[in-house]
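Me: I want to learn how to read the features of a protein model. Can we go through them one at a time?

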Amino acid sequence: MTIHNFETKNSVLNKFIAELRDVTIQKDSMRFRKNIERVGEVLSYELSKTLAYTDQLTTTPLGEKTIPLAPSDIVICSILRAGLPFHQGILNYFDDAENGFISAYRHHENDSDDFEVIVNYFAAPNLEGKTLLLVDPMLATGRTLENVLKGLEGYGIPKEIHIVSVIGSEEGITYVNSIFPESTQLWIAAVDKELNAKGYIIPGLGDAGDLAYGSKL
């Protein structure tokens, strides 16, 4: 797997990540969602540079111009619910893409540290021969992406897979690297070293879904 970690490069992305992590700014859920969306836009721009382009003739009022354009076979599949603002940021740049949505959540039995990832909803188009963008803001243990990969097997084999995340753990990235095809590319804004006992990224930013949309029962 090819890993594109943008934490190693100084850019405006640093500001968005700093605000996402800041406990004071996090209280503004609208700004939190907007920063997640902005990270999606920046990563989409960087990802777009690696796609296969085809020259297309465009007619202007005064003549014609050949412009290389990205493929139109992109499918954006996001993991609910934290993935929604991230999905929108990516869709802002790949606005003619097809879309898929996946429900996945952690189930901690009796409030224990151990958990299983439950995937109980898929809405996705045919993926055969297409460019799949798997969108998950928080790449913690990697087990959610593992379950999603298994769940998408019946939808066809994409020609290429790009995982797009905001923050990940070193452990989770290593695990994902071991189960996804070697040609997979990971686009990520920041990587943290640790997971706590419950499998949350440290220092991370907390529960992205709760910060974006409010706490859940």
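Reply: Start with burial. Buried means under 20% relative accessible area, exposed means over 50%, and partly exposed is in between, with a 1.4 Å probe and protein chains only. Helices (H or I, at least four residues) and strands (E, at least two) are DSSP runs, numbered from the N terminus. This is a predicted model, where local features need pLDDT of at least 70, side-chain atom pairs count only at pLDDT 80 or more, and totals for chains, interfaces and linings use all residues. Residues are numbered from 1 along each chain as its sequence is written, and side-chain values use heavy atoms, with hydrogens and water left out.

Me: Which residues of helix α1 are buried?

Reply: Helix α1 spans residues 13–21, and its buried residues are Leu-13, Phe-16, Ile-17, Glu-19 and Leu-20. They sit on the same side of α1, because they cover an arc of only 165 degrees around the axis. That arc is taken from the directions from the helix axis to the C-beta atoms.

Me: What covers the buried residues of α1?

Reply: The cover includes α2 (29–48), β9 (160–169) and β10 (185–192). Contact here means heavy atoms within 4.5 Å.

Me: How do I read the packing of α1 and α2?

Reply: Axes are lines fitted to C-alpha atoms, for helices over the stretch in contact, and angles run from 0 to 180 degrees between N-to-C directions. For α1 and α2 the angle is about 150 degrees, and the axes are 9 Å apart. Next comes handedness. A crossing is left-handed if the near helix is turned anticlockwise from the far one by less than a right angle, and right-handed if clockwise. α1 passes α2 in a left-handed crossing. On the α1 side, the residues that meet α2 are Leu-13, Lys-15, Phe-16, Ile-17, Glu-19 and Leu-20. Their partners in α2 include Phe-32, Ile-36, Val-39 and Leu-43.

Me: At what angle do α4 and α5 pack?

Reply: Helix α4 (residues 143–151) packs against α5 at about 20 degrees, with the axes 9 Å apart. That makes α4 roughly parallel to α5. The classes are these: under 35 degrees is roughly parallel, over 145 roughly antiparallel, 65 to 115 roughly perpendicular, and the rest oblique. The crossing of α4 past α5 is right-handed. Arg-143, Leu-145, Glu-146 and Leu-149 in α4 meet Tyr-175, Val-176 and Ile-179 in α5.

Me: Where does Gly-172 lie, and is Gly-172 buried or exposed?

Reply: Gly-172 lies in helix α5. Gly-172 counts as buried, at 0% relative accessibility. Leave aside neighbours within four places in sequence, and Gly-172 is in contact with Leu-139, Ala-140, Thr-141 and Gly-142. Gly-172 and Val-191 are 19 residues apart in sequence and 9.8 Å apart in space, C-alpha to C-alpha.

Me: How many salt bridges are there?

Reply: First the rule: a side-chain nitrogen of Lys or Arg lies within 4 Å of a carboxyl oxygen of Asp or Glu. By this rule the count is ten. Take one inside a helix. An α-helix has 3.6 residues a turn, so residues three or four places apart point the same way. Lys-34 bridges to Glu-37, with the closest N and O atoms 3.7 Å apart. These two are three residues apart in helix α2, about one helical turn. Lys-34 is partly exposed at 39% relative accessibility, whereas Glu-37 is buried at 15%.

Me: Which parts does the salt bridge of Glu-98 and Lys-130 tie together?

Reply: The side chains of Glu-98 and Lys-130 meet at 2.7 Å, N to O. Glu-98 lies in strand β5 (residues 98–107) and Lys-130 in the loop between β6 (116–123) and β7 (131–135), so the pair ties together parts 32 residues apart in sequence. Glu-98 is partly exposed, at 32%. Lys-130 is buried, at 18%.

Me: What about Lys-193 and Glu-170?

Reply: In this salt bridge the closest N and O atoms are 3.3 Å apart. Lys-193 lies in the loop between β10 and β11 (194–195) and Glu-170 in helix α5 (residues 170–179), so the pair ties together parts 23 residues apart in sequence. Lys-193 is exposed, at 65%, and Glu-170 is partly exposed, at 37%. Salt bridges that share partners also join Lys-15, Glu-19 and Arg-31 into one network.
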